[in-house]
Amino acid sequence: MINNTHEEHDTGPPISRKILANLRYDLPASIVVFLVAVPLSLGVALAAGAPLVAGLISAVVGSIVASLFGGSALQVSGPSAGVTVVLAQTITTFGWRATCAITVAAGLLQILFGLARIARAALAISPAIVHGLFAGIGVIVVLDQLHVVLGGKAHGNTIDNVLALPAQLIGHHDEAVLIGVVTIATLLAWPHLPAFIRRVPGPLAAITIATVLASTAKMNVSRIDVPADLLSLHFMPQLPTSGLLTAAFTALTIALIASLESLLSAVAIDKRRAGPRTDLNRELIGQGMANVASGSLGGFPVTGVVVRSMTNVEAGARTRMSALLHSGWILLFVLPLAGLLRDIPLAALAGLLVYVGAKLVNPTEFREVARHGDLPVYLVTLAGAVGVNLLTGVALGVALSLALMLRRTIWSGVHVERDGEQWRVVIEGALTFLSVPRLTKMLATIPPDAPVTLDLLVDYLDHAAFDCLFSWQAARNGVVTVDEIGHPWFERGRSGTPIVRGSLVGKAVPRWLAPWSEWQADHGLPEQRTGPHSTKALCRGAAEFQRRAAPVLRDEFGRLAHGQHPHTLFLTCGDSRIVPNLITTSGPGDLFTVRNIGNLVPTEGSDSVGAAIEYGVGVLHVREIVVCGHSSCGAMKALLGGAPGGSLGSWLRHGSASLRRRATHGPLLLDGRRPDTEGDQLALHNVVQQLAHLRAHPVVAEAEARGELHLTGMYFDVGAAQVFLFDRDAEAFVPAQAVTTTA
């Protein structure tokens with residue numbers, strides 16, 4: 001799902017010089033994160049039904065420990081809405097002190113996860129499941145906190161919250177509703193205000209405005225209940241006295257959710273910044289240690305929080321010191337001044353949580369999941385999380401995701417097409433026994449006497465599917481031509497040597513690259529073809545193009561129908577082994593190709609090549625001319641053996657300059673060595689000589705002088721399937737991928 005690179009990792013807490021160098025960035029960033037963290041920590045504690053001070057303890061302890069020992073330099077840890085739902089159920093079931101012990105156990109599990117190095121495996125979970133899970137958490141939080149915004153109390157589960165909501169809406173809770181609406185409205189409007197105002201974090205501004213409004217208007221609304229001396233409280237963890245199996249399952253649930261959220265947050269940060277990547281396994285260990293410390297000191301589970309971490313990055317933080325300082329500000333300002341917290345209305349914190357919960361249901365993620373075809377997985381995960389519990393939602397999502405993956409893997413596409421009296425059956429994908437019933441149903445629609453071509457584009461063909469096709473072919477009165485593309489699964493089965501494992505499949509040359517004559521000889525039933533031997537290969541190749549390539553290329557050819565604008569004039573030999581568009585990875589409209597025996601550029605006595613050059617450079621304005629020679633060239637062998645008579649001999653006289661160059665110049669090297677044969681050595685000299693002839697051509701010389709044209713020498717080693725380019729500075733041919741300067 002998410003890539004975890006291992007190029008480099010942040011290796012630990014900052015050293016003193018690094019602290020001083022980055023303090024001017026980390027100090028202001030820590031203040032911004034502190035202002036965001038305080039209201040969120042209180043809101044999460046409120047939603048979970050935990051002591052409010054536990055939210056502050058978790059924010060301080062969790063962030064310090066995770067920052068010191070985790071794998072992400074800029075991640076900020078603390079209480080998160082992601083664990084609110086399961087935490088509330090845990091407190092209701094076991095009580096607060098046992099919840100602290102379960103938090104410690106969840107932290108120990110996270111440490112084991114990190115030591116087992118399973119972070120990458122956790123990130124293999126489908127994004128649809130992750131987004132569905134957090135959307136489910138968001139829905140639960142919104143439904144839960146809406147009751148508090150309306151002046152009431154949240155119920156024990158989502159179903160009860162939904163059923164009680166109409167009565168809560170009808171009730172009159174004007175002051176609480178006003179505070180909640182003001183809080184939500186402030187949060188919604190804050191991103192659209194001028195930049196100098198937005199320097200104050202939105203959550204802090206919303207809580208402050210709501211608190212000032214409630215105090216100045218002397219509203220009778222419920223407020224935070226904070227003890228006078230927070231530091232005198234002692235929340236010691238205590239093992240549950242009953243239900244140990246349920247407690248263990250709860251600890252596992254918290255560990256999984258906290259780990260997943262922390263890993264996703266860390267990866268999201270990595271995408272927003274340059275520098276070392278997060279060591280995800282170490283991050284799990286750091287988060288586990290943070291939860292052990294938080295639970296031991298009376299806090300509840302912490303995670304790497306996306307909101308705080310992104311705030312940290314956007315505020316300009318450079319090192320771990322920002323997260324450490326943010327914890328210091330909480331200790332310095334909040335705990336000693338706890339009396340100020342008593343003025344905050346509960347409806348304001350609930351409004352903040354409604355806003356945060358609604359943000360978890362992200363429309364962008366919903367659309368992204370739908371585009372990738374995983375909407376059912378998203379919806380099932382969300383429904384399971386809301387209707388049952390979070391782990392059930394994840395389990396349902398994983399099960400459906402695996403089922404869809406299995407279907408996509410084994411489901412083969414079977415299409416029956418008719419063209420007059422001819423029928424064509426196209427089968428794509430993996431063809432297994434699971435597809436046999438549908439396959440036989442489709443094949444039964446074809447008349448028994450009709451000629452059929454069976455196109456097999458399969459990744460795998462098992463015995464049941466082979467037996468079905470083989471029996472069908474044998475039983476038909478009409479002719480059945482089996483045309484396989486890729487590995488010959490059917491042909492191997494018919495010959496008695498079937499491939500039973502995909503790992504044993506040999507590499508099959510794609511039909512659009514392999515010589516047509518080769519795949520026609522190796523595939524299908526030659527005795528069923530008709531037509532003269534000299535035309536059958538070309539005709540079948542044209543039919544292959546029309547059936548497979550034309551639909552793909554039709555739009556491109558339509559664009560080219562009204563004119564050509566090639567970038568290169570490609571002059572090469574007429575040898576059938578040289579396919580210019582193949583060896584240059586180019587397509588229709590890219591190359592203006594000129595071919596002749598020996599890739600020669602006559603200086604006199606031939607108007608054909610000269611006309612092509614003038615047209616390519618003067619009319620089409622190509623930006624490059626390539627002269628391409630090749631190994632085992634028959635023209636070069638003929639020149640070395642003496643030019644033959646007739647028209648061929650007259651033409652090869654234009655290669656005499658290449659013979660003289662070979663005699664008067666030193667040998668040309670091919671990738672640092674001399675070619676094996678004199679014919680190949682002459683082919684190299686011939687390329688360089690023809691470049692010289694091109695530069696003597698007036699239209700080429702003028703364009704090159706203006707800097708509008710570049711000349712390139714190319715050589716194709718047929719046996720090695722290797723392209724070489726002429727390096728003018730080195731006076732040698734070097735592999736194409738190694739060229740820095742070409743002539």
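The legends below describe close-up views of a predicted model. Residues are numbered from 1 along each chain as its sequence is written, and side-chain values use heavy atoms, without hydrogens and water. Local features need pLDDT of at least 70 and side-chain atom pairs count only at pLDDT 80 or more, while totals for chains, interfaces and linings use all residues.

View 1. A salt bridge is a side-chain nitrogen of Lys or Arg within 4 Å of a carboxyl oxygen of Asp or Glu, and the structure holds 9 of them. Helices (H or I, at least four residues) and strands (E, at least two) are DSSP runs, numbered from the N terminus. An α-helix has 3.6 residues a turn, so residues three or four places apart point the same way. Relative accessible area (1.4 Å probe, protein chains only) sets three classes: buried is under 20%, exposed is over 50%, and partly exposed is in between. Glu-368 is partly exposed at 35%, and Arg-371 is exposed at 60%.

View 2. Glu-556 is partly exposed at 27%, while Arg-559 is exposed at 56%.

**View 3. A salt bridge joins Glu-731 and Arg-661.** Here the closest N and O atoms are 3.9 Å apart. The pair links distant parts of the chain, 70 residues apart: Glu-731 is in the loop between strand E11 (722-727) and strand E12 (732-735), and Arg-661 is in helix H27 (residues 656-664). Glu-731 is partly exposed at 40%, whereas Arg-661 is buried at 10%.

**View 4. Arg-662, Arg-674 and Glu-678 are linked in a network of salt bridges.**

**View 5. Helix H8 (residues 174-189) has buried residues along one face.** The buried residues are Ala-176, Ile-179, Gly-180, Val-182, Thr-183, Thr-186 and Leu-187. Seen down the axis of H8, they fall within an arc of 155 degrees (taken from the directions from the helix axis to the C-beta atoms), so they line one face. They pack against helix H6 (127-149), helix H9 (202-216) and helix H14 (346-360), where contact means heavy atoms within 4.5 Å. On the other side of H8, Asp-174 and Leu-188 are exposed.

Notes
The expected span of a helix is 1.5 Å times one less than its number of residues.
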